[in-house]
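Please look over the sequence and the model displayed here before reading on. The report that follows goes through the strands, the aromatic pairs and the disulfides, and then turns to confidence.

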Amino acid sequence: MKTNSARRTAVLALALAGAGLIAAGDFYATRGASGHSSCAAMGATAQRLKPLAIGEVAAMNILDGSTPAPDLVFFADGGTPKRLADFKGKTVLVNLWATWCIPCRQEMPALDKLDGRLGSPKFQVVAINIDQRNPDKPRAFLEEVGVKHLAYYYDQSVNVFRDLKASVQVEGLPVSMLVGTEGCALGVINGPADWASADAAALIKAAVSR
């Protein structure tokens, strides 16, 4: 028969375990069925963005904010595994690129400028390289074009492209997805954009402010 002390210990352990499950599950639940409450609350943000998808970012397809973004798995420089869920609490512009993609190469300096100007604890550009050979090539390219602000992320398996394509409409490279603080897809743009433009800055600032 358990003593009162043992019972209290058991109850405390269960409470802590339950709290851990809730804390871990709260964000990942937004990656379940479409329409989860955390994403449904992003509808107002999506509506605010629609009039700003103009000019240099006119190709941005603004979603209704109720769709969870896929929890993409990739790697940081040095091989550290990363997930899109690691960026919870930030508005994130996810960009998939490759050195063999000419429009991607042209777009990287502009993405770097965007991250340099607006990057903060509230916003980050997450550019993921999907070259499958010679991992030194994309690093050399970024250095060659003077990228200073973008962190280097990569996925040689190309699973990030497949996972993104399974979730939203993707036509090829480059492709960028705007993700809200709760992991909800706010918009997708197929093809390059001038991310260093005033149009892009206005769109990102509106996505970040809540």
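## A bridge between two strands

In strand β6, Y153 is the bridge partner of A76, and β2 and β6 pair in the antiparallel sense over two bridges. Strands here are DSSP runs of E with at least two residues, helices are DSSP runs of H or I with at least four residues, and both are numbered from the N terminus; two strands pair if DSSP finds at least two bridges between them.

This is a predicted model, in which local features need pLDDT of at least 70 and side-chain atom pairs count only at pLDDT 80 or more, while totals for chains, interfaces and linings use all residues. Residues are numbered from 1 along each chain as its sequence is written, and side-chain values use heavy atoms, with hydrogens and water left out.

## The sheet

The protein chain has seven helices and eight strands. Eight strands form an open sheet with mixed pairing, in the order β1-β8-β7-β4-β5-β6-β2-β3. The edges are taken by β1 (61-68) and β3, each of which has a single partner strand, so one side of each is left without a neighbour in the sheet.

At β3, the pairing with β2 is antiparallel over three bridges, and P81 in β3 is the bridge partner of F75. The two strands β2 and β3 form a hairpin with four residues between them, and in the turn G78 has a positive phi of about 105°.

## Aromatic pairs

Rings of Phe, Tyr and Trp (its six-membered ring) are taken to pair if their centres lie within 6.5 Å, and planes under 30 degrees apart count as stacked, over 60 as edge-to-face and the rest as tilted. By this rule the count comes to six aromatic pairs. One of them is made by F74 and F87, whose ring centres are 6.5 Å apart and whose planes are at 15°, so the pair is stacked. Because F74 lies in strand β2 (residues 73-76) and F87 in the loop between β3 (81-83) and β4 (91-97), the pair ties together parts that are 13 residues apart in sequence. Both F74 and F87 are buried, a term that means under 20% relative accessible area, with exposed meaning over 50% and partly exposed in between (1.4 Å probe, protein chains only).

A stacked aromatic pair is also formed by F75 and Y154, at 5.7 Å centre to centre and with 25° between the planes. This pair links distant parts of the chain, since F75 is in strand β2 and Y154 in strand β6 (residues 153-154), 79 residues apart. F75 counts as partly exposed at 29% relative accessibility, whereas Y154 counts as buried at 16%.

## Disulfides

The structure holds two disulfides, each defined as a pair of cysteine sulfur atoms within 2.5 Å. One of them joins C39 to C184, with an S to S distance of 2.3 Å, and the torsion about its S-S bond is about -100°, so this disulfide is left-handed. C39 lies in helix α2 (residues 37-40) and C184 in strand β8, so the pair ties together parts that are 145 residues apart in sequence. Both C39 and C184 are buried.

C101 and C104 also form a disulfide, with their sulfur atoms 2.3 Å apart; here the torsion about the S-S bond is about 80°, so the disulfide is right-handed. Both C101 and C104 are buried. With bonded cysteines counted along the chain, the disulfides follow the pattern 1-4, 2-3.

## Confidence and burial

The protein chain averages a pLDDT of 85, and 82% of the residues score at least 70, where pLDDT is the predictor's confidence in each residue, from 0 to 100. Over residues 1-35, however, pLDDT stays under 50, and the model has 34 contacts beyond four places in sequence for this stretch. Where pLDDT is low, the predicted coordinates should not be read in detail.

Of the 210 residues in the protein chain, 46% are buried.

How values were computed: Contact = heavy atoms within 4.5 Å.
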